Amino acid sequence: MQPIKIFTIKRPISKIQYIGNDKIVVIDQLNTVRFFNLDELKLDGGFKINLPENRLFSNSVSISYNGNYLGLTIPKKNKAAIWNLENKKLAHTVGWHKGEIESIAFDYKSRYMATGGTDGRTHLWNIETGKMVGNLAPHSDYVTAIAFSQNSVWCATGSYDKSISITNISSMQFAYKMRIHSTMVTKIKFLKNFLMVSGDREGNLIISNYAKGKVHKRLPKLPDTVVDFVFDAHEKYMFASTKNKNLFLFDLIKHDIITDQFIKVNSTITCLEFIPSLMYLIIGTVDGILYIYDILSDEKELETYIQEKNYANAYELVQNNPLLKDSISYHHLEKIWEKTISKAQKLLEQSQKDVAEQILKPFMAIPSKRMFIQSLFKDFAEFEKFKTLVLKKKYPLAYSLANKYPTFKQTSYYKHMEKEFKKAFAIARQLMYDKTKEDYIKQILMPFRGVPEKTPLIQSLANEKEIYKLLKQKLAQKNFKDFFELISRNPFLADLDEYEKALEFGEKLLKAAQNALKEGNYNKVLQYSRMLEQFPMYQEQAKDLIYEANILANFIQLVANKEYDKVYEYVQKEPFLEETEDYKHLEEIWENKVKEAEQYSAKGDVEHILKSLEHYMKIKEKLPRIGELVKSAYLYQLLEKLKTETDDKTIEKGFKNYIKIFGLDLEVSDLITLAQKSGRKLDFTHIEEGDKRYWYKNNLPLNIFE
């Protein structure tokens, strides 16, 4: 595959981000920001940021998904800068770390930036105010990777300590810590359906269920450090890079590697970006080369191969670029193959082997097709014999030959033979209760006696007359439990039309239940699924549908009754409810209230935080988040007071009040150290330490110094 455009930046590329409207932002190691227009494939402006160079192969650069902000760590300053990309100005400098900031990331809704440091801490910052609004569970070593879920509800932090921590940032409740890697975590990205992918320094790639905290699948190991990975629009494929010049392609459905050389460039890959709407894959390198690939650019080449009937090259192209399987051209190619095989079989039936060989010749250079074609011709060497047996109604020998050569079962002669049996058997079933017709029944079924797969059915006409009657009755009554039990005891009944009708009904029932679930008609889901439970092949799906319908029905009832404390508790137990419209609506209201409260928190205004969120104080799941905002407000009150000439006793009182409410946490410890370094005399020999889990049980002062 050849790139559609190459840009030479001359400096190592640290980050590429698609920001919509056919535009990408590219950051180099010297913090030069460039905008590229993908519609016209040209440079569209940029500017230089005067900061020390950022670190390659790290997560020290991030761009908000709306394209408004750029985050950069500031080496040796223990801080990070948030730049407004629209006006090209510094918006905020943030940092409450006791060491350098190692990693940063923006959430998908572009509300927050998280910073992870060498101190093992992760802080959450409001982009608009530049103030800290929360603290995530600490690690025992450097925080090396951060990522947010696509609905911005969850945040994952990876560390040098080999673990990944998961926190629900809507409630600021720590969920759990996963110890699934054997070395430093280098990259984390979230997928849909509560899955995420994490990579480490030894090349391990792991798919986890972040709602349950369990490993979903371990992918084949890469030969070096995982640098970056991106996904296609449907998350069927993953492109991954290490510290080499090759791009690896993974199949996320089969959980396997397709090729280790999907694309090979002339320099070490540093970062990747994939744009689903354009099907563009963009690669940045150490040499400062920006490669832009149109993943479906091969489709034109595929079309040409198809037109030229060069099917060998066409299938080789698809093998090297499996994303082409979603293209119209590939579907056209497969239809050509199916029609050609069907035509070849008809020609072979007519003893026109030479013509069949001629039309199949373009496919002979394709290994998988060649094996099928060779098998087809090998089978048809005996076809004349099979044909003669069918025409002479020597069905036992004909069936025996068809079992030996399965391709015969696709021929019109085999289908004719099957049709004849069904016709004869249907007549026999109609007449089997008339004793005067016994000889006639034997006569019409005689050609099929001796056919192993038909013998049980033929014998059952004489011995199991009541079974047929009962089977038909159970089907008419839709009593599928007894219907399938009857077939289980008499397997030969699975060859009857009644069995096919039952299966068709089961498929329709499953689709109806699934549609009813989507439409929110939970009573219908339960009705269909309880009937579906009678089908052995659908029992597990039926149980899942019943479970989900009951959960959703209960959830809707709780929402209708405005029992919001139970609503959020329910969602915590059943995370799939996050995707319901009712929950999204509730979260939108909550987020707007939090946004308002964060403005007050930035000013140290505890009174208005509590007033704006007073309706949520009865909801247990929201208390940790409210507590973080109150805590941040108090911290900013303390910080501002430390800048003044306030006496030491007042400062000491403020610290003690804080510790009484939230305990001696890392953040207030930092301020105490700062105060002591500035020469303040503080006495903490007699101190009452609280617990931040129960902050709301305290009589909260509006001013921490009261």
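The model is predicted, so local features need pLDDT of at least 70 and side-chain atom pairs count only at pLDDT 80 or more, while totals for chains, interfaces and linings use all residues. Residues are numbered from 1 along each chain as its sequence is written, and side-chain values use heavy atoms, with hydrogens and water left out.

**Aromatic pairs**

- Searching the whole structure turns up 40 aromatic pairs; rings of Phe, Tyr and Trp (its six-membered ring) pair if their centres lie within 6.5 Å, and planes under 30 degrees apart count as stacked, over 60 as edge-to-face and the rest as tilted.
- Y311 and F363 are both buried, meaning under 20% relative accessible area with a 1.4 Å probe, protein chains only.

**The F483 and F484 neighbourhood**

- F483 and F484 make an edge-to-face pair, because their planes stand at 85° with ring centres 5.2 Å apart.
- F483 counts as buried at 0% relative accessibility, and F484 is buried with 8%.

**Lysines over rings**

- K243 lies over the face of F57, 4.9 Å from the ring centre; a charge sits over a ring if NZ of Lys or CZ of Arg is within 6 Å of the ring centre and within 35 degrees of the ring normal.
- K641 lies over the face of F705, at 5.2 Å from the ring centre.

Conventions:
Buried < 20%, exposed > 50% of the residue type's maximum accessible area, 1.4 Å probe, protein only.
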